[in-house]
Every structure is written in structure tokens, then in C-alpha cells.
Number of protein chains: 2
Amino acid sequence: MARTTGSDGEKTAAAVREAAVSLIARLGYEAMSMRQLAAEVGVQAAALYRYFPTKEDLLFTLMREHMEGLIEAWGRARPASDDAAVRLAAYVENHIAFHIERRHATHVSNMELRSLSHERLTHILKMRTAYEKELRAILRDGAEAGRFEIDDVGLTAMALIQMMTGVIVWFRPGERLSIHEVTTTYLSMTMRLVGVKTDTREEAHVHEYAQLRA
Amino acid sequence: MARTTGSDGEKTAAAVREAAVSLIARLGYEAMSMRQLAAEVGVQAAALYRYFPTKEDLLFTLMREHMEGLIEAWGRARPASDDAAVRLAAYVENHIAFHIERRHATHVSNMELRSLSHERLTHILKMRTAYEKELRAILRDGAEAGRFEIDDVGLTAMALIQMMTGVIVWFRPGERLSIHEVTTTYLSMTMRLVGVKTDTREEAHVHEYAQLRA
DNA sequence: CTATTAATAAAACGAACGTTCAATTAATTC
DNA sequence: GAATTAATTGAACGTTCGTTTTATTAATAG
């Protein structure tokens, strides 16, 4: 046999990406074989090489697209407000929503970095740094404006990122808590963590904003 | 050749553990070959099987010992105080100190769980759960005693664990911050996160305690 | 000094790996 | 409907993997 009836390059490519994210998240990149991936897609291993020249190219593509998606999502969610608390709330909500929606892809992007070549690792890390820089800017602005109480902006940013991204480790849709409940709780933990000043006029807006997006 | 001059089973076994932790942390369990590990130890691959019957046995042993060490360390560090804030401070300090001291082993224990058999995975997860349960108990006590302000004990515990363990991802000894500075900052972030009540008599003790251990 | 045990080397096993290549068939174009 | 292009198969390549077996040497015990 050769070309199969109804075969379509675009559909196969999409199926490969989807199956790869799921398999790598479950087994790990090194543990997943190209034959396993091919079987999941319903195709022979050789067919995969029509879409991705090497296994590492496949991994890199998945990671790059995930990071691009994250940065793009934040670009759309970023509010114009000059109140750091409003921007922080939006950052937290976008981050949690994005990562919960793409648990598998996040797992891959976070856990398989060591399987990239030095060059490609650098590329992915640059994207990640750019994204995290946005959070540091928010925290710095808030601290300078007296809106937050922060000891160390860099440390606080890392702590918040780890805390938020960690949601994907234990969160399972349809269990005890809804995405909305998780987000609300994480939002309030975040605000306490950065020592946001309460009882001011602006504070009401943050809560309004949170309610609005709920 | 066969047995080499000066060879010693105990020393070799220890060297294998140490090299394995380092190699698995750097390359990943699946990516590390037994031949690579043997070369690092300065021995042939077959010699490894005198100490660990399979590659997975080796991984499991490393993880189990790491978790045992963590639980044991907390057993020694756990204060008798019935003030939840004091106990929380001790938990945070012990957790960060332990994980920074064993960055590689922590990496292995957190990242390579999927390479364990179901049975062994369960065993490790039970140990982990037991350890995390201690934190939840502290948070619950503090919340019930009105010492903390917590929305959801389970969520807060996970958030704190992720935040604290995340230190190993970016912390490098000898860089901008010392272990002590990191711990101090994380301690204050933790206390704010759980909404600890300030300006009480007990609060002074927490700070005293932190200073004492610095 | 001899017998025994501990620790290793050397070689080999079958299986699985990522990848390539040639052949083959489906879809599309003219 | 013939020619071309797109998509895939099936088989094979060389390499590496975890592991086993056997032989060999160092250390130890009697």
C-alpha cells in the first residue's frame, strides 16, 4: 500500500502535533518513539518525516508554537490601565486560563527543554524571558507607585510564575474546583503575596475587573 | 581484566548514586544510558548490575532515599510550638534549605516520576502526600485559630509547595542572592500569602525564630 | 600458601531506536 | 484520460539500548 484514500497533509500534520503533545506529556520526549507516535496517528513511522525532518524538530515546533500562543494571548488580554493591580490581575487570569487549557503542551514546554539543541533552547528561553519580563514590569511599577509591597521584584516574579504554572500539576477539570474558583483563589493569594494596598478607590476596580471576566 | 586494585563495593555503590543523580538531572532518566553512567563512575556497564538489578531500580532507590531524607529532615526541624505561624516558618525554611542543598536529587524526584512502574510511583507519591499533609495541617490549624486568613487550605498548600520548590529552577549558589536572603524573602511572601495576622505578641516570636535559624 | 569470596571486565544477546529509500497508490492538473 | 504531484507504505540501515553470561583478577579467610 501507499497513499491511502482520503489522506490529507494538513489533517495528518495537525493529528501528529496533537498526538505528539499528548504522548510526550504522558511518556516524556525521550521515552516516546516515532513508531508509537505514528501508531497513535494511524500511520507508518516514515510518514512523520514528511512533516517534521527530525524528532527534535517536532519537539521544537510544539514548544515554539506554545510560547507564541502564550505571548499572543497576553497581548490580547493585556489591559490598558495604568493601575498595576489591574494589570497584575489580568496577567494572573490569563496565565492560569492559558495553562489550564493547554496542560499537556505546558508540560512539554516546561519538562523537555533539555532535549533541545543549545541554539533552540536559547530561542525558547528568550521567548519565556520576554513573557516573564512583562510580569516583572508590572511588579516594579506597582512597587514604585506604592501599590504593592515587594521585597524583591525578581524573586516575587519567579515565585508567582512557579505558583501559577504549578496549577497544571494537580488541577483536573471536573473535580472539586472549577477553573473559575481556582482562578479566584489564586488571584487573592497573588494580591496578598504582593501586599496590595486595600481600602483604596482603585481596589474596587480590581474586583470589578475580576468579576467582569468571571 | 576483572577486579581492579583498590575496588570496594561500598565506594562504587556510592559513586554510582552520586553520578546517577547528576546525570539524570542533567540529561533525564531516559536519555541517560547505563554505559554513560558507568563511564562517569569509571567502570564497565556490567558492574552497575552488581548494585542495582535494573535501571529502574536505580531510579526508584534515588527517589525513595530523597523522599525519606526530606521527611526525616522535617521530623528534626519540626518545632513543638502550637503557634501555626512558627510551625509554618519552620516548614518553609526546612523545605527551601533541603531542596536547595539537593537541587539535582529534587529535579530527579520531581521530573522522572513517569518512568516508575505503577506500584513504585504509588509508593513515592504516598511519601510525598504524607509530607504535604503536614503543611495542610499547619495551614488548617492556623486558619481555625484565626492566625491565618486562607480561602482554601488545599489550594494554598499546593501553591506554597510549588512556589518553594520552584526555587531550584532558577537558584544558583553564588549568584546575586544567598540562600539566607532567598529564604527570608520567601518566608515573608509566605506569611503574606496566608494572611498572617501581624502586630500580635506571637508575631514577634516568628521573627525571633527566623533570626535564630539564620 | 591455598581456598574462597568480592568486584569487575569483556563480549555478546535480542530488541528497539531514529531515519532513509524505493515503490506504490490517491488526488489533482492539463 | 494521461501526466504530474501529494501522501503513504514496507523494508531496510546502522546504531544504541538494557541486560546477561562467562571469565578473570583482587582481596580475604583459614
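Is R76(B) buried or exposed? R76(B) is exposed, with a relative accessible area of 60%, and exposed here means over 50%. The model that holds this residue is a predicted one.

Start with chain A as a whole. Chain A contains 11 helices and zero strands. Its C-alpha trace spans about 70 × 35 × 30 Å along the principal axes. Chain A has 214 residues, and 50% of them count as buried. Among the contacts in chain A with a separation of 6 or more, 71% are between residues 24 or more positions apart. The accessible surface of chain A is about 10,800 Å², and carbon and sulfur atoms account for 51% of that surface. As for charge, chain A carries 27 positive and 29 negative side chains. The centres of these two sets lie 6 Å apart.

Next comes the place where the chains meet. The size of an interface is often given as the accessible area lost when the parts come together. For chain B and chain A, that buried area is about 2,900 Å², with 59% of it on carbon and sulfur atoms. Of the area that chain B buries against chain A, 26% comes from R114(B), L155(B) and R192(B), more than from any other three residues. In terms of contacts, 36 residues of chain B touch 36 residues of chain A.

Charged pairs also link the chains. Between chain B and chain A there are four salt bridges. One of them joins R114(B) to E112(A), at 2.7 Å from N to O. Another is formed by R176(A) and D152(B), whose closest N and O atoms are 3.0 Å apart. This pair runs from the loop between α9 and α10 of chain A to the loop between α7 and α8 of chain B.

In chain A, R76(A) pairs with E72(A) at 3.0 Å from N to O. These two residues are four positions apart in helix α4, so about one helical turn separates them. R76(A) is exposed, with a relative accessible area of 61%.

That leads back to the residue in the opening question. R76(B) forms a salt bridge with E72(B), and the closest N and O atoms are 2.9 Å apart. Both residues belong to helix α4 of chain B, which covers residues 55-77. They are four residues apart there, so the separation is about one helical turn. Elsewhere, E56(A), D57(A) and R120(A) are joined into one network by salt bridges that share partners.

How values were computed. Residues are numbered from 1 along each chain as its sequence is written. Chains are lettered from A and ligands numbered from 1 in the order in which they are written. This is a predicted model: local features need pLDDT of at least 70, side-chain atom pairs count only at pLDDT 80 or more; totals for chains, interfaces and linings use all residues. Side-chain values use heavy atoms; hydrogens and water are left out. Buried means under 20% relative accessible area, exposed over 50%, partly exposed in between (1.4 Å probe, protein chains only). Contact means heavy atoms within 4.5 Å. Accessible areas come from the Shrake-Rupley method with a 1.4 Å probe; for residues, only the protein chains shown count as cover. Lys and Arg count as positive and Asp and Glu as negative; His and the chain ends are not counted. The place of a charge is taken as NZ of Lys, CZ of Arg, CG of Asp or CD of Glu. Buried area is the accessible area (1.4 Å probe) that two parts lose on being put together, summed over both. A salt bridge is a side-chain nitrogen of Lys or Arg within 4 Å of a carboxyl oxygen of Asp or Glu.
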